[in-house]
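Please keep the sequence and the 3D view open while you read.

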Amino acid sequence: MTAPRIIRPQIRSVIQQPLTVGESPVWDDETGTLWLVDILAPALVRLSAEGRIDRFDMPAAIGCLGLCRDNRIVVGLQTGVHLFDPVSGKIEFLCDPVGRDINGRLNDGKVGPDGHFWVGSISEAKPQVNDAALFRVGADGSTRTVATGLTSSNGLAWSPDGRRMYHSDSRQCFLQAFDFDPETGSLGEGRRLRSFTEDEGRPDGATTDRDGFYWSAGVSAGRLNRISSEGEIVEIYILPVPAPTMPCFGGPDLSTLFVTSLSTDRTGQFEAGTVIAFDVDAEGLPPFRFGNQSS
């Protein structure tokens, strides 16, 4: 096994406003804007190419977002999945896959190649328990539970051909992969690709590139891990933020990595959450949009 290449990228700051828990960055390739969430604010945030920042207050903690075919934003809130119209400000309830009888909320989510919103939950019990799950949500609000026994569902991403789905659990510290049918959204059995130590970085949010590598935010280690389809860490990007939460590719040629982070005093001094960016020798894939396939 070859030792991973260590890279210290040239970082630029993207946002000056501090974030509580920055998460779920999504690049809108049609408008050249970056969307993300501030989980505890709670707010949906839009960064325009000109540097304008729009904040849309949410009625409950927001874990994730996805782009819709009709230009609305699908959001995973504490109270369920909703559709938000940034023009009118109207928010419409779609479904609540978690339910009110479990102490948890929606966490990481992403629109898949099948046009559905794949969203997982996180246990908010203290201590956390393994009652979180992963759900597949249709544009009509239909919901299917696809994985259970999770603590902190995270790391959703798909291979370039759409035939493999990646998924991690940040607390159980594993990465798994499923065979995936991009037409029907059906899953094969999950296969564990690797487990992580705290020093390697608990696997948080993630993305994939056109060459099939999986980029995982190592939230406990201040780094971004580029991982092969076999589960081997091939490159380690050392970041200036102690707790990166999720990367996404963006920019005109999809070769800029945007990375969100959360507030922490892990290093002995408080650092607010933020968004950083740097250019890489890789190219991402445009995001899928909610509702662009049959249910």
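**The annotated position and its surroundings**

In this predicted model, the place of Asp-204 is in strand E19, which covers residues 203-208. The UniProt record, in an unreviewed entry, gives this position, Asp-204, the feature "active site".

**Asp-204**

- Is Asp-204 buried or exposed? Asp-204 counts as buried because its relative accessible area is 7%, and the cut-off for buried is under 20%.
- When neighbours within four places in sequence are left aside, the residues in contact with Asp-204 include Glu-23, Asn-154, Gly-155, Ser-168 and Ser-170, and also among them are Ser-216, Ala-217, Val-219, Pro-244 and Thr-245.
- With one of these residues, Asn-154, the side chain of Asp-204 makes a polar contact of 3.0 Å.

**Ser-170**

- Ser-170 is found in the loop that runs between strand E16 (164-169) and strand E17 (174-179), and with a relative accessibility of 4% Ser-170 is buried.
- The side chain of Ser-170 is joined to that of Asn-154 by a polar contact of 3.0 Å, and Asn-154 also has a polar contact with the side chain of Asp-204.
- Not counting residues up to four places away in sequence, Ser-170 touches Ser-152, Asn-154, Arg-202, Pro-203 and Asp-204.

**Asp-169**

- Asp-169 belongs to strand E16, and at 0% relative accessibility Asp-169 is counted as buried.
- Which backbone nitrogen does the side chain of Asp-169 reach at 2.9 Å? It is the backbone nitrogen of Gln-172, while the side chain of Asp-169 also reaches the backbone nitrogen of Arg-171, at 3.0 Å.
- If neighbours within four places in sequence are set aside, Asp-169 is in contact with Leu-150, Thr-151, Ser-152, Phe-174 and Pro-203.
- Between the C-alpha atoms of Asp-169 and Val-234 there is a separation of 20 Å, and these two residues are 65 residues apart along the chain.

**Salt bridges**

- How many salt bridges does the structure hold? There are 18 salt bridges in the structure, and the points below describe some of them.
- As background, side chains of opposite charge can pair when their charged atoms come close.
- Arg-289 and Asp-28 meet through their side chains in a salt bridge, with 2.9 Å from N to O. This pair links distant parts of the chain, since Arg-289 sits in strand E26 (residues 289-290) and Asp-28 in strand E3 (residues 22-28), 261 residues apart.
- Both partners of that pair are classed as buried, because Arg-289 has a relative accessible area of 11% and Asp-28 has a relative accessibility of 8%, and buried means under 20%.
- Arg-289 also forms a salt bridge with the side chain of Glu-30, at 3.6 Å from N to O. Glu-30 lies in the loop between E3 and strand E4 (33-38), whereas Arg-289 lies in strand E26, so the pair ties together parts that are 259 residues apart in sequence.
- Glu-30 is exposed because its relative accessibility is 58%, and the cut-off for exposed is over 50%.
- The side chains of Glu-235 and Arg-226 meet in a salt bridge of 3.4 Å, N to O, and Glu-235 and Arg-226 are both buried.
- Glu-235 and Arg-226 also belong to a network of salt bridges that links them with Arg-5 and Asp-209.

- As background, strands of a sheet pair through backbone hydrogen bonds, either parallel or antiparallel.
- Four strands, in the order E3-E4-E5-E6, make up an open sheet with antiparallel pairing. Its edge strands are E3 and strand E6 (53-57), and each of these pairs on one side only.
- From one strand to the next in this sheet, the twist averages 20°.
- Within the sheet, E4 and strand E5 (residues 43-47) pair in the antiparallel sense over 5 bridges, and Val-37 stands opposite Leu-44 in E5.

Note on methods:
Residues numbered from 1 in each chain as written. Predicted model: local features only at pLDDT ≥ 70, side-chain atom pairs only at ≥ 80, totals over all residues. Heavy atoms only, no water. UniProt positions renumbered as here; feature names shortened; annotations may be inferred. Helix = DSSP H or I, 4+ residues; strand = E, 2+ residues; numbered from the N terminus. Buried < 20%, exposed > 50% of the residue type's maximum accessible area, 1.4 Å probe, protein only. Contact = heavy atoms within 4.5 Å. Polar contact = N/O pair within 3.5 Å; in protein donor to acceptor, adjacent residues only side chain to side chain. Salt bridge = Lys/Arg side-chain N within 4 Å of Asp/Glu carboxyl O. Pairing = 2+ DSSP bridges. Axes fitted to C-alpha atoms, helices over the stretch in contact; angles between N-to-C directions.
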